[in-house]
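Reader: Please take a close look at one part of this structure, the surroundings of the ligand. What holds a place around the ligand, and where does the ligand sit?

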Amino acid sequence: MSYDRDNIFAKILRGEIPNDTVYEDDEVLAFRDISPQAPVHVLVIPKGEYVSLDDFTRDAPAEVVGRFFEKVSAIARQLGVDGDGYRAIANIGQNGGQLVPHFHVHICAGRPLGRMIARE
Ligand code: 5GP
């Protein structure tokens, strides 16, 4: 699947849409989800153009992939949710429920999150 430069997270990365940033460096942006599903709901995205986890791990250099996931857990620690725990989710494609075609990891925390997968 080719990368759509008009997706909402690409617009956020270009500064065309505001966001509530919690962490940023030259490779990664983390910001609060506009429709939080938990008291803490942050999205962590690479600045590179990757549609999904699949593209990211296949096409990005291994060091970039490794640093990204180190930063996901570091951001969780920065948010103060590592003690009580949290859920890190990457939705991939149609059956995964991915709505925005720019790879992202959700950090959800702040209450017991219940079952891993809703029975819908
Ligand atoms: P997905 O279903 O693709 O894994 O998750 C996409 C997430 O992006 C959803 O949780 C949704 O609430 C969030 N989202 C969609 N549009 C925006 C936006 O413009 N700003 C922010 N901060 N989050 C957004």
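Author: A backbone N or O atom of Gly 97 lies 3.0 Å from an oxygen atom of the ligand, a polar contact in the sense of a pair of N or O atoms within 3.5 Å. Val 100 also has a polar backbone atom 2.9 Å from a ligand oxygen, and for His 104 a polar side-chain atom lies 2.7 Å from an oxygen of the ligand. The protein covers 84% of the 520 Å² of accessible area that the ligand has on its own (Shrake-Rupley method, 1.4 Å probe).

This is a predicted model, in which local features need pLDDT of at least 70 and side-chain atom pairs count only at pLDDT 80 or more, while totals for chains, interfaces and linings use all residues. Residues are numbered from 1 along each chain as its sequence is written, and side-chain values use heavy atoms, without hydrogens and water.

The shell around the ligand has 16 residues, the closest being Arg 32, Asp 33, Leu 99, His 104 and His 106; a residue belongs if one of its heavy atoms lies within 4 Å. Helix 1 (8-13) gives the largest share, three residues, and strand 2 (28-32) supplies at least two; helices (H or I, at least four residues) and strands (E, at least two) are DSSP runs, numbered from the N terminus.

The ligand sits in the largest pocket, meaning that more than half of its atoms lie within 2 Å of the pocket's grid points. A pocket is an open set of points on a 1 Å grid over the protein atoms alone, where a 1.4 Å probe fits, with protein on both sides within 12 Å along at least five of seven lines; lining residues have an atom within 4 Å of a point.

Conventions. Polar contact = N/O pair within 3.5 Å; in protein donor to acceptor, adjacent residues only side chain to side chain.
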